[in-house]
Amino acid sequence: MAGLAALRSLRAAGLSSGKRVLVTGASGGVGRFAVQLAAHAGAHVIASVGSAGRREGPAKAGAAEVLIGLANLDQLVDIVIDNVGGPQLVEAWSTLAPGGSLQSVGWTSGQPAAFPAYSTIGPAKSLTSFVNEREFAADLAILVQLVAEGALRAEIGWHGSWEDVAEATKALRGRQVNGKAVLDIDTHGRRHAEPKERAAMLRAPIHLTGFTCTYLLRLADVSAAE
Ligand SMILES: NC(=O)c1ccc[n+]([C@@H]2O[C@H](COP(=O)([O-])OP(=O)(O)OC[C@H]3O[C@@H](n4cnc5c(N)ncnc54)[C@H](OP(=O)(O)O)[C@@H]3O)[C@@H](O)[C@H]2O)c1
């Protein structure tokens, strides 16, 4: 889901070689994919992270510049992939060039965005809401192909059992995870459950209140559950 959000929001924004692309929350799951995909397309990628300790991932992913926040961004950008929302979205909007596109993908800050008076008046540029729509197969195939070619890395910053979901959530909320959290569903440990219960368990979506639900679930022993 993170890779799809990155790919599709960049496409919606009109990504092409040479464009200046700002990715906020660049150290996170969506951000890392967005940095890699934009750099792979030949864009000049500016990654914004929250602290010095979070710089390394986006730099390795191909960002030409890695900034802490947006205060030192001195040139306008053509595209913004915003994962943070709140005051950073407002700041990102002010850095968007005429004709540019800001894609509002996520809102990890949880803060409201207050636009200064008249900041939306001027040469046309757009702020567009984004959501991953269904029909994933074709775009997933593109991502898998890029991974197979070595052009895209799916970074896993936390890996454990889904029974440790609280630990994973704490690490994500604490901005400690470099990439995605992967939760293994191990049905071996659930053999006491009735087959019907195990099957329902595997179908059930995992919702983490107020947080991203884009977890890769490795379904171990699915056939046993079915
Ligand atoms: N629209 C869609 O279809 C779609 C699809 C997938 C995901 N999303 C959304 O996109 C967002 C990013 O998802 P993700 O999987 O990349 O999440 P993530 O891995 O948790 O990364 C989010 C990044 O946001 C930054 N961040 C966290 N709290 C922050 C705060 N209070 N202020 C400023 N920055 C903060 C962190 O970077 P630093 O630690 O460097 O600050 C973190 O790396 C989420 O809101 C998610 O729900 C939307």
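This is a predicted model: local features need pLDDT of at least 70, side-chain atom pairs count only at pLDDT 80 or more; totals for chains, interfaces and linings use all residues.
Residues are numbered from 1 along each chain as its sequence is written.

Let me begin with the chain as a whole. Its secondary structure comes to 8 helices and 9 strands, where helices (H or I, at least four residues) and strands (E, at least two) are DSSP runs numbered from the N terminus. Of the 226 residues, 35% are buried; a residue is buried if 20 or more other C-beta atoms lie within 10 Å of its own, exposed if 12 or fewer, and partly exposed in between, with C-beta atoms placed from the backbone. Among the contacts with a separation of 6 or more, 61% link residues 24 or more positions apart.

Now to the sheet. Six strands, in the order β3-β2-β1-β4-β5-β6, form an open sheet with parallel pairing, and two strands pair if DSSP finds at least two bridges between them. At the edges stand β3 (65-68) and β6 (126-129), each with a single partner strand, so one side of each has no neighbour in the sheet. Neighbouring strands are turned by 20 degrees against each other on average, direction ignored; axes here are lines fitted to C-alpha atoms, for helices over the stretch in contact, and angles run from 0 to 180 degrees between N-to-C directions.

Within this sheet, strand β4 (residues 77-82) is joined to strand β5 (residues 96-104) by 5 bridges, the two running parallel. Helix α4 (residues 86-94) packs on the sheet, where it touches β1 (20-24), β4, β5 and β6, and its direction makes about 155 degrees with that of β5.

Which residue of β5 is the bridge partner of Val80? That partner is Leu102, and Leu102 counts as buried because it has 24 C-beta neighbours inside 10 Å. Leaving aside neighbours within four places in sequence, Leu102 is in contact with Val80, Asp82, Ala92, Trp93, Leu96, Ser126 and Leu127.

Turning to helix α1 (2-12), we find that its buried residues are Ala2, Gly3, Ala5, Ala6, Leu7, Ser9 and Leu10. Those residues pack against α2, β4, β5, α5 (137-148) and β8 (180-186), and just after the helix Gly14 takes a positive phi of about 85 degrees.

Of the 26 residues around the ligand, Gly25, Gly28, Gly29, Gly50 and Gly106 come nearest, a residue being near if its C-beta atom, placed from the backbone, lies within 6 Å of the molecule or strand in question. The elements that give two or more residues to this shell are α1 (2-12) and α2 (29-40), and the largest share, 3 residues, comes from α2.

Finally, a residue from the strand β7 (residues 156-161), namely Gly157. With 19 C-beta neighbours inside 10 Å, Gly157 counts as partly exposed, and, its neighbours within four places in sequence left aside, Gly157 is in contact with Val177, Asn178, Gly179, Lys180 and Ala181.

Definitions and conventions: Two residues are in contact if their C-beta atoms, placed from the backbone, lie within 7 Å.
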